[in-house]
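Have the sequence and the model open side by side.

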Amino acid sequence: MRGRDQESTEFFAARRTVLTRLFLDARHRRRAKEYPVAVLPEQSVAPDHSSHERMAMQAALLAVPPGQRAVLVLRYVADLSVEQVAATLGCSTGNVKSQTVRGLAALREAYPGDNTAARKA
């Protein structure tokens, strides 16, 4: 009998694999486009400072090239190790490291906040 922890781990691993494959499939199909199919509901909560920052970060992340974006999301959102990201994307750990550095640089450039002090540090 399998425990809940193993089932949970397997579920998250399967979900990560599916999401990664969907991303890579869409990336390989250059013609893949998103088409809205419904009208979005009006915003239920008044926007605050944090929602503006979140939207700015999302816009900046979309400006990062797709491969670098995939590495950043897997590393910092999904909290995977370099080795896990390499296995998920089917590339070397060195590639993950270089794409992480380049992706973070592209994200810093695309983010509209004043981050000149962060760049010097």
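This is a predicted model. Begin with its largest nonpolar core, which has seven residues. They are Val71, Leu74, Leu80, Val82, Val85, Ala86 and Val96. H4 supplies the largest share, three residues.

What does Val85 touch, not counting residues up to four places away in sequence? Its partners are Val71, Leu74, Arg75, Leu80 and Val96.

Next, turn to the helices themselves. Two packed helices are described by the angle between their axes and the distance between the axes. Take H3, residues 66–77, and H4, residues 82–89. Their axes come within 10 Å and cross at roughly 135°. Is H3 parallel or oblique to H4? The roughly 135° crossing makes H3 oblique to H4, because angles over 145 degrees are needed to count as roughly antiparallel. The crossing of H3 past H4 is right-handed.

Which residues make this contact? On the H3 side they are Val71, Leu74 and Arg75. On the H4 side they are Val82, Val85, Thr88 and Leu89. By class, the contact of H3 with H4 splits into five nonpolar residues, one polar and one charged.

H3 also packs against helix H5, residues 93–110. Here the angle is about 100°, and the axes are 8 Å apart. That angle makes H3 roughly perpendicular to H5, since 65 to 115 degrees counts as roughly perpendicular. H3 brings Gly67, Gln68, Val71, Leu72, Arg75 and Tyr76 to this contact. H5 brings Val96, Gln99, Thr100, Arg102, Gly103, Leu104, Ala106 and Leu107. The contact of H3 with H5 has seven nonpolar, five polar and two charged residues.

Which of its residues are buried? The list is Gly67, Gln68, Arg69, Ala70, Val71, Leu72, Leu74 and Arg75. Val71 and Arg75 of H3 take part in the contact with H4. Val71 and Arg75 also take part in the contact with H5.

Gln99 lies in helix H5. Is Gln99 buried or exposed? Gln99 counts as buried because its relative accessibility is 18%, and the limit for buried is under 20%. Gln99 touches Gly67, Gln68 and Val71, leaving aside residues up to four places away in sequence.

Asp79 is found in the loop between H3 and H4, just after H3. Its phi is near 60°, a positive value in a residue other than glycine. Asp79 counts as exposed because its relative accessibility is 63%, and exposed means over 50%.

Ser92 sits in the loop between H4 and H5. Ser92 is partly exposed, with a relative accessible area of 43%. Ser92 and Val82 are 10 residues apart along the chain. Their C-alpha atoms are separated by 9.2 Å.

Conventions: Residues are numbered from 1 along each chain as its sequence is written. This is a predicted model: local features need pLDDT of at least 70, side-chain atom pairs count only at pLDDT 80 or more; totals for chains, interfaces and linings use all residues. Side-chain values use heavy atoms; hydrogens and water are left out. Axes are lines fitted to C-alpha atoms, for helices over the stretch in contact, and angles run from 0 to 180 degrees between N-to-C directions. Helices (H or I, at least four residues) and strands (E, at least two) are DSSP runs, numbered from the N terminus. Angles under 35 degrees count as roughly parallel, over 145 as roughly antiparallel, 65 to 115 as roughly perpendicular and the rest as oblique. A crossing is left-handed if the near helix is turned anticlockwise from the far one by less than a right angle, and right-handed if clockwise. Contact means heavy atoms within 4.5 Å. Ala, Val, Leu, Ile, Met, Phe, Trp, Tyr, Cys and Pro count as nonpolar, Asp, Glu, Lys and Arg as charged, and the others, Gly among them, as polar. A nonpolar core is a set of buried Ala, Val, Leu, Ile, Met, Phe, Trp, Tyr and Cys residues joined through side-chain atoms within 4.5 Å. Buried means under 20% relative accessible area, exposed over 50%, partly exposed in between (1.4 Å probe, protein chains only).
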